[in-house]
Each structure stands twice: as C-alpha cells, then as structure tokens.
Amino acid sequence: MSKKKSPRNKTIDTPVSEGKKYISRCIKVENPVEDIHAVLDRTILGDSFSVIPNLPKESVDLIIADPPYNLTKTFGGTKFSKRKESDYEEYTRQWLSAVEPLLNPNGSIYVCCDWETSLIIGRVLGDYFTVRNRITWQREKGRGAKANWKNGLEDIWFATKSEHYTFNLDDVKIRKKVIAPYRVNGKPKDWAETDSGNYRDTCPSNFWSDITIPFWSMPENTAHPTQKSEKLIAKIILASSNPGDIVFDPFLGSGTTSVVAKKLDRHFLGIEIEEQYCLWAEQRLEMADTDKEIQGYTGGVFWERNSLSEQNAAVTSEAAIKPVNKKAQKAKQQTQQIYLI
Ligand SMILES: C[S@@+](CC[C@H](N)C(=O)[O-])C[C@H]1O[C@@H](n2cnc3c(N)ncnc32)[C@H](O)[C@@H]1O
C-alpha cells in the first residue's frame, strides 16, 4: 500500500504492486524497429544502451537528456556511483554517440547536468554536435554544505546537429512586471497596463530563475529523486520543436519529457531502466489525458515565480496584455485555445 500522506500532498508514489496496469502499457524493444511510428508515444522499459541501436536513424526532432550526474545516487534499485572524470567522460561519449544518429539533421539536443558534470558535458558535447548555448537554471533548493557554497544551480547544454534548426522565440517569452514603465506620447512602450499590474513579455535569456523543482503539493510531483519541472521541459519543447514533432528522452525517469510533450501536442518516446519510474511516467501520461495544465505556463507565456494570483487574473481577463507583435499574438491565441480552460 502507498504510505499515508496529508491530503494536500499530491506526490505520485504508486508502488509496483498497485500499478500493474501502467507497467503493462510500457513496451520492450529487443529487435530493430523499422519505423519510429511503431513505438511512438510509448514508454520503453529497458536499458538505453541496448535499446537505442534498435531505433531508426534520423527519426526524432528533439532529444532531451537528463542522465545520472557524476554523483553517487540511487535510482530505484540501481546505484550510480561517482566515478573518475575520465570514466564519466567515457560514459557520456557512449550515450552521446548512440543518440547522435537518431536525431534528424535539423534537430536539437539538450543535456542537463550539475556544475561539476557540466565541465565534462560541455567538453564532450561539441565532439558530436554544434554547441549553441549553456543555460543556467537557478534551482533555488539545494543541500547546504559545511565548507562550500550550497549548490543552487544546474546547467542545461543546448546543441544542434546543423545550422538549420527550430527556435520558436515567441513561444518562450517570460511575462515580467514592468519596474520602470516607459511611455511614448503617453502610451506604454512595449508593455501593457492591466487590472493586475503592468507587464512586458520579454525574450528569455540563458539564465532561468523562474522555475522551482517540483514539490509535494504540485500534481506533477512524484517520488523520483531527481525529477525535473514540467515548466523547465516546456521551455525546451516549445522553443526547439513544433506541434507534431517527435521528442525523445533516453533517461526518462518519472516521465516529465513525455508528459510535457503530450500536453504540448508533440509525439514522444522515452526509455527508462527502472520499472517503478516507468509506472509513474505512465500514470502521469494518463493524467495528461484530462489535465493539460503546466504550472507556471499560463495563457501562452511563462510567468515569474510566485505569480499565481496574477496568472489567475490574466486567465480571467480577456485583454490581459497586448502582445508585442503579430507572430506572438498568433502563437498566444493558439496556445490559449489549448490552455485557458
Ligand atoms: C536524472 S534521472 C532523470 C529524471 C527525469 N528527467 C525526470 O524528470 O523524472 C536519470 C534517469 O535515468 C535512468 N537511467 C539510468 N541509466 C539508464 C539507462 N542505461 N537506460 C535507461 N534509463 C537509465 C535512471 O533510472 C533515472 O531515472
């Protein structure tokens, strides 16, 4: 039985013994797959190192990889042990060289890591892809250290296979409060006056300070030890893929990449070695059939932390903010149709 929790604790922690129906939805891939559509929108239970060579080349548009960092950590029944830098580099080369052929020529890859692992990923990624950026995510929560600075950030490396790649800037704007409202001829310059305050939709930088890690009161939270936020993955998927594209995650964990891809009308495919995590991924995918909300992404824009009341006000107000340009307006209208429930 699941442990007794407070009613506000939404953490998904269904044990394997109670989640057989979810596990039965997962697939195993032991032979070459000719057409990616045969395994699309599925969770593959297995070891990425043996599954990936069976997947068709140039079949996915976006890869989001959140591998075990070079730390000692237990994932379900498997312990990943911190290793020598050269060994972690070899491990990274193994999986990067395996996923590289899967990516379409116009595709992108994002790789998550902590600061220490980042030194290795940043060095190795460029041997397989063109590195475009290093995003730093201010994670906020982190374990205190007695003789060091608390670790409050993670890096996310962004790379592409060629010079031609998708980047939907207007789809990942951040709505920020205007501190110094500038006017021209008495009218707001690139910002909007609303009942709940003055806002501007700004271009996102490579420093992400608007995302928390999932916590117990959030419906997306599971008992996975290193789960990423849906909001973080939504930024990547919206920027670097289009509806109908295929998003692949070789280290799926609790299923965040697949769940967000589904909510944003992309196809998905993920591989996870632990049965328990596959179960939670499938449970979340089922929840996404009826709930497409992504916390912190409302009305087609990303919002700063602790802005729930403003988000609610924007959802209920028709003219919440004037879009900055026509393309942004169109994108916003499309997403609003889907997310303004
Ligand atoms: C950092 S976690 C990913 C967390 C995920 N982003 C989420 O939001 O839940 C890494 C995951 O990779 C899985 N993993 C490790 N080695 C693997 C392998 N060879 N094949 C498939 N999955 C693996 C681990 O079990 C773990 O769940």
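These legends accompany several close-up views of a predicted model.

**View A. The shell around the ligand.** Let's start where the ligand sits: 20 residues surround it, and the closest are S48, F75, F251, G253 and T256. Two elements give two or more residues each to this shell, namely helix 2 (48–51) and strand 15 (267–272). Sorted by class, the shell around the ligand holds eight polar, seven nonpolar and five charged residues.

**View B. Helix 6 beside helix 7.** Here helix 6 (residues 256–263) packs with helix 7 (residues 275–287), their axes 9 Å apart and at an angle of about 15°. Angles under 35 degrees count as roughly parallel, so helix 6 and helix 7 are roughly parallel to each other. The crossing in which helix 6 passes helix 7 is right-handed. On the helix 6 side, the contact is made by S258, V259 and K262, and on the helix 7 side by A281, R284 and L285. By class, this contact of helix 6 with helix 7 has three nonpolar, two charged and one polar residues.

**View C. Helix 5 across helix 6.** Staying with helix 6, we now turn to its packing with helix 5 (residues 230–240): the two axes come within 9 Å and cross at roughly 60°. At that angle, helix 5 and helix 6 are therefore oblique to each other. Their crossing is right-handed. Helix 5 brings E230, I233, A234 and I237 to the contact, while helix 6 brings T256, T257, V259, V260 and A261. In the contact of helix 5 with helix 6, six residues are nonpolar, two are polar and one is charged.

**View D. Helix 3 against helix 4.** Helix 3 (residues 85–99) and helix 4 (residues 115–125) have axes 10 Å apart and pack at an angle of about 45°. That angle makes helix 3 oblique to helix 4. This pair, too, has a right-handed crossing. Look for E85, Y88, E89, T92, R93 and L96 in helix 3, which meet I120, I121, V124 and L125 in helix 4. The contact of helix 3 with helix 4 has six nonpolar, three charged and one polar residues by class.

View E. For the chain, the mean pLDDT is 90, and 91% of the residues reach 70 or more. Over residues 318–329, however, pLDDT is below 50, and this stretch has 18 contacts in the model beyond near neighbours in sequence. Residues 331–341 also stay under 50 in pLDDT, and the model has 16 contacts for them beyond four places in sequence. A friendly caution for this view: where pLDDT is low, predicted coordinates should not be read in detail.

Conventions
Residues numbered from 1 in each chain as written. Predicted model: local features only at pLDDT ≥ 70, side-chain atom pairs only at ≥ 80, totals over all residues. Near = placed C-beta within 6 Å. Helix = DSSP H or I, 4+ residues; strand = E, 2+ residues; numbered from the N terminus. Nonpolar A, V, L, I, M, F, W, Y, C, P; charged D, E, K, R; others polar. Axes fitted to C-alpha atoms, helices over the stretch in contact; angles between N-to-C directions. Parallel < 35°, antiparallel > 145°, perpendicular 65-115°, else oblique. Left-handed = near helix turned anticlockwise from the far one by under 90°. Contact = placed C-beta atoms within 7 Å. pLDDT = per-residue confidence, 0-100.
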